[in-house]
Amino acid sequence: MASTSPVDQNTLWNGPGGQIWVAQQAILDGLFQPMADLLVAELPETVTQLLDIGCGTGASLLAAGAARPAARCTGLDISEPMLAMARGRAEAAGLDADFIVADAQQHPLSSTHFDWIQSRLGVMFFEDTGAAFTNLQRAARPDAGLRFIAWRSAEENPFMTTAERAIGDELDLPPRSPGAPGQFAFADGERIRRLLQDAGWKDVEVTAVDLPCSLARNELPTYVGQLGALGLALRDLPEERASALRDKALAAFTPFIEGDRVRVDAACWLIRARA
């Protein structure tokens, strides 16, 4: 089923959204390292053709390639700037990978080609999730494995909504609609199960995982001030106004600070399925 969203995903990720993720790649990869580690732990020894959906700047694909050097890795993402960085990182790491700038909902992937499909936070942005999962099913070999990590609900991830709760009333932020493309599109685990089963995936398991993530305390101002819908909104304000709002938002993160680290309990789903 298609979802309506106030945000055009192609424009966002090929524009300011993608550019910010490229600029802050090191912070974000550090924050989400436990997710990349979890995907590597799921990788079978026998994988030969791996597809990473929404691979972004390449963290989960690079981790998979390092763990399974015999596998041919392909990264697919809608964002040209993020994929350009992923390509450069793969070359620097000596990983001979393929990269496709495309929308996984409709890109004509090679039929029955991949024996492993994975994603770290890359599958919540589809306008038509059913079409995307059906397209991926067509690209999978019989018995191919699917693994992806997605956020659970906003309520279970208070860190991720702290800034907008602190200053959101003072900004014109796009509304969050349940099930609409975006960070918490897969809050409903049963909805994920239905979507995958309807697309032909078998043995679907939707497991709640809580991952202890963190970033350096001195990285928090950059994270709060530049990333997400809040960071995009602050970019359009006069600097004096933006600075005041950033300071107000930062103060709300005090409960998450422990010494020189900022602790983030990431409430996610680990989804397993078989073609």
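Predicted model: local features only at pLDDT ≥ 70, side-chain atom pairs only at ≥ 80, totals over all residues.
Which residues of helix α8 (residues 158-167) are buried?

**View 1. Buried residues of helix α8.** Phe 159, Met 160, Thr 161, Thr 162, Ala 163 and Ile 167 are the buried residues of this helix.

**View 2. Salt bridge between Glu 42 and Arg 272.** The closest N and O atoms are 2.9 Å apart. Glu 42 lies in helix α4 (residues 33-42) and Arg 272 in strand β8, so the pair ties together parts 230 residues apart in sequence. Glu 42 is buried, at 17% relative accessible area. Arg 272 is partly exposed, at 22%. Both residues belong to a salt-bridge network that also links Arg 147 and Glu 205.

**View 3. Salt bridge between Arg 72 and Asp 96.** Here the closest N and O atoms are 3.0 Å apart. Arg 72 sits in strand β2 (residues 72-77); Asp 96 sits in the loop between α6 (80-93) and β3 (98-101), so the bridge joins parts 24 residues apart in sequence. Arg 72 is partly exposed, with 27% relative accessibility. Asp 96 is exposed, with a relative accessible area of 55%.

**View 4. Salt bridge between Lys 248 and Glu 170.** The N to O distance is 2.6 Å. Lys 248 belongs to helix α12 and Glu 170 to the loop between α8 and α9 (189-198), so the contact ties together parts 78 residues apart in sequence. Lys 248 is partly exposed, at 43% relative accessible area. Glu 170 is partly exposed too, at 33%. The model's salt bridges number 18.

Conventions
Residues numbered from 1 in each chain as written. Heavy atoms only, no water. Buried < 20%, exposed > 50% of the residue type's maximum accessible area, 1.4 Å probe, protein only. Helix = DSSP H or I, 4+ residues; strand = E, 2+ residues; numbered from the N terminus. Salt bridge = Lys/Arg side-chain N within 4 Å of Asp/Glu carboxyl O.
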